[in-house]
Amino acid sequence: MMKSEDKPRNDAGVDEGEVMGCLSNTMRTAETLLRVVPIGLCLAALLVMLKNSQENDYGSVSYSNLGAFTYLVYANGICAGYSFLSAFYTAVPRPSTMSRAWTIFFLDQILTYVILAAGTVSAEIMYLAYNGDKDVTWSKQCGVFNGFCKRATASITITFASVACYILLSLLSSYRLFSSFDAPIPFLSSKAVEIAAFPR
């Protein structure tokens, strides 16, 4: 009669393979949810800004009149699309390879900076709209276009919520990459060890 192979167990008698498998599934589920959340956030920020326009006795203003807000719309659209594709990719179990880990890490970093730049530049525009700048004789505009400013502020706030998600995703993909794989170029890795070990 064939005997079942002994599986590695810890001192408590728990199967280490099962523990690692459960941990991997939990991390994959958490990462998938973390990639799904920005889809709704980015689309919400995009739609709020797309509908943002106001007309009154003093004139009219639309998000398309400001390059920063136009960039915010495009950035949120791109990030929503990437979040959808990466969530689908992450949800499907597949063996981890260096090329896949580097690809996810690289794209996460790029999209984080893209959405962060969109939120930061737009926030600067809103600061000037609320407070003006006496040095360059820019007057406050939100007293005139209050509704426009409120909707723009809401869109920017939602965008920064997306930024928070992308920062967490960047940290997660960085941890997975650098804890599982060595540097892609052995020469650089060995040189780094030599420099660290060189006596000063």
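Me: In what order do the elements of the chain run from the N terminus on?
Reply: The order is α-β-β-α-α-α-α. The chain has 5 helices and 2 strands. Helices are DSSP runs of H or I with at least four residues, strands are E runs of at least two, and both are numbered from the N terminus. This is a predicted model: local features need pLDDT of at least 70, side-chain atom pairs count only at pLDDT 80 or more, and totals for chains, interfaces and linings use all residues. Residues are numbered from 1 along each chain as its sequence is written, and side-chain values use heavy atoms, with hydrogens and water left out.

Me: What makes Cys 142 and Cys 149 a disulfide?
Reply: Their sulfur atoms are 2.0 Å apart. A disulfide is a pair of cysteine sulfur atoms within 2.5 Å, so Cys 142 and Cys 149 form one. The structure holds 1 disulfide.

Me: Why is the disulfide of Cys 142 and Cys 149 called left-handed?
Reply: The torsion about the S-S bond is about -90°, so the disulfide is left-handed.

Me: Why does Cys 142 count as buried?
Reply: Buried means under 20% relative accessible area, exposed over 50%, and partly exposed in between, with a 1.4 Å probe and protein chains only. Cys 142 has 5% relative accessibility, so Cys 142 counts as buried. Cys 149, at 2%, also counts as buried.

Me: How do you know that Cys 42 and Cys 79 are too far apart for a bond?
Reply: The closest cysteine sulfur to that of Cys 42 is in Cys 79, 5.1 Å away. That is too far for a bond. Cys 42 is buried, with a relative accessible area of 0%. Cys 165 is in no disulfide either; its nearest cysteine sulfur, that of Cys 42, is 8.5 Å away. At 10% relative accessibility, Cys 165 counts as buried.

Me: What makes a set of residues a nonpolar core?
Reply: The members are buried Ala, Val, Leu, Ile, Met, Phe, Trp, Tyr and Cys residues, joined through side-chain atoms within 4.5 Å. Here the largest nonpolar core has 27 residues. Met 49, Phe 69, Cys 79, Ile 115, Met 126 and Tyr 166 touch the most other members. Helices H1 (16-50), H2 (67-91), H3 and H4 (146-180) each supply at least two residues. H2 gives the most, with 8 residues.

Me: Which residues does Tyr 166 touch, not counting residues up to four places away in sequence?
Reply: Contact means heavy atoms within 4.5 Å. Tyr 166 touches Pro 38, Cys 79, Tyr 82, Ser 83, Leu 111, Thr 112 and Ile 115.

Me: Why does Ser 60 count as exposed?
Reply: Its relative accessibility is 53%, so Ser 60 counts as exposed. Ser 60 lies in strand E2, residues 59-62. Leaving aside neighbours within four places in sequence, Ser 60 is in contact with Gln 54, Glu 55 and Phe 145. Ser 60 and Phe 145 are 85 residues apart along the chain, yet their C-alpha atoms are separated by 8.4 Å.

Me: What makes Phe 106, Leu 107 and Ile 110 a nonpolar surface patch?
Reply: Like charges are joined within 9 Å, and nonpolar side chains (Val, Leu, Ile, Met, Phe, Trp, Tyr) within 5 Å. Phe 106, Leu 107 and Ile 110 make a patch of about 250 Å². Phe 106 lies in H3, residues 98-131.

How values were computed
Patch = residues over 30% accessible without salt bridge, like charges linked within 9 Å, V, L, I, M, F, W, Y side chains within 5 Å. Areas by Shrake-Rupley, 256 points an atom, 1.4 Å probe, with all protein chains shown as cover. Salt bridge = Lys/Arg side-chain N within 4 Å of Asp/Glu carboxyl O.
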